[in-house]
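Grab a pencil and work through a few exercises on the structure below. Try each task before you read its solution.

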2 protein chains.
Amino acid sequence: MTRRRNALKCEPGVPTRNRAATRQPAERLAAMAWGLAHPLRVRILQLLVKRETCVCGEIVDEMPIAQSTVSQHLKILKEAGLVQGEIDGPRVCYCINPESLAELKELIDKL
Amino acid sequence: MTRRRNALKCEPGVPTRNRAATRQPAERLAAMAWGLAHPLRVRILQLLVKRETCVCGEIVDEMPIAQSTVSQHLKILKEAGLVQGEIDGPRVCYCINPESLAELKELIDKL
DNA sequence: ATCGTTTATCGTAGAATGACGATAAGAGAA
DNA sequence: TTCTCTTATCGTCATTCTACGATAAACGAT
């Protein structure tokens, strides 16, 4: 193991996006901020806020990137807890997670 | 050039952390969120908020990582516009950037 | 001018990200 | 069942991040 120091200090090898489950505020905030740390993810979130709810395909249509990449970004947003997906027949309907969004706003506001 | 599609779609090769200068809200928010997208950077920011102002060395003392790594994180926070550094003799005194923090809070709140 | 302190930068290494196309998986329709 | 549509996952590749130690740079003090 070469990265012993890192391994000890910053949650052993846990990628930032998987830290959403923690209880520690700094990690919670970092995980949610990470979800917003890409322009396309911000746009996806804004789209969901605007439209209230949105089928995956509609998101893809709005974005200038491949469907598989949109799917990856949605996965990251889900891991950050900012977004939820609900299966609806052959489609998936996405919406924002109000609790997490509220928590994010609170954590940011307390800064 | 092999990454043509990426190059076309998402600000040609500009790393997220360098997008702070943009005028587009989604990119601004993404760049600032990126600054907060690591637990140690959140802790640094919280430390600066709490202490009002802070010499670099004090930050290093509070963090469980090497001085060079803290310096890198501070650089990222500066690039995100969240933090300012002022040279004070042989030291550097860091403080939060109130305007950017206010902007961040506003952008998050508008979500 | 030299020394000591403080901070930034360099060079490196391993892991993660972000993008793509291709493919699998799931649900409804024919 | 089979076909079609929709979405997720796989495999790959280049780039970026995060961390470190070592070194450079800047400044005050001796």
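**Exercise 1: Two helices in chain B**

In this predicted model, B:Leu40, B:Arg41, B:Ile44 and B:Leu45 of α3(B) meet B:His73, B:Leu74, B:Ile76 and B:Leu77 of α5(B). Work out which classes of residue make up this contact, and how the two helix axes cross.

Solution. Start with the classes: the contact of α3(B) with α5(B) has 6 nonpolar, 1 polar and 1 charged residues. Next, the geometry: the axes of α3(B) and α5(B) (residues 67-79) come within 10 Å and cross at roughly 75°. Angles of 65 to 115 degrees count as roughly perpendicular, so α3(B) is roughly perpendicular to α5(B).

**Exercise 2: The sheet in chain B**

Find the strand order in the sheet of chain B, and say which strands stand at its edges.

Solution. The order in this open sheet of 3 strands is β1-β3-β2, with antiparallel pairing. β1 (54-55) and β2 (83-88) of chain B each have a single partner strand, so they stand at the edges, with one side left without a neighbour in the sheet. Now zoom in on one pair: β2(B) is joined to β3(B) (residues 91-96) by 6 bridges. B:Glu86, for instance, has B:Cys93 in β3(B) as its bridge partner. Finally, look across the sheet: α3(B) (residues 39-51) lies across β1, β2 and β3 of chain B, at about 90° to β3(B).

**Exercise 3: Where the chains meet**

Which helix of chain A supplies the largest share of the side that touches chain B?

Solution. Begin with the counts: 27 residues of chain A contact 27 residues of chain B. On the chain A side, α2 (25-35), α3 (39-51) and α6 (98-110) each supply at least two residues. The largest share, 7 residues, comes from α3(A). By class, that side of chain A has 19 nonpolar, 3 polar and 5 charged residues.

How values were computed: Residues are numbered from 1 along each chain as its sequence is written. Chains are lettered from A and ligands numbered from 1 in the order in which they are written. This is a predicted model: local features need pLDDT of at least 70, side-chain atom pairs count only at pLDDT 80 or more; totals for chains, interfaces and linings use all residues. Two residues are in contact if their C-beta atoms, placed from the backbone, lie within 7 Å. Helices (H or I, at least four residues) and strands (E, at least two) are DSSP runs, numbered from the N terminus. Ala, Val, Leu, Ile, Met, Phe, Trp, Tyr, Cys and Pro count as nonpolar, Asp, Glu, Lys and Arg as charged, and the others, Gly among them, as polar. Two strands pair if DSSP finds at least two bridges between them. Axes are lines fitted to C-alpha atoms, for helices over the stretch in contact, and angles run from 0 to 180 degrees between N-to-C directions. Angles under 35 degrees count as roughly parallel, over 145 as roughly antiparallel, 65 to 115 as roughly perpendicular and the rest as oblique.
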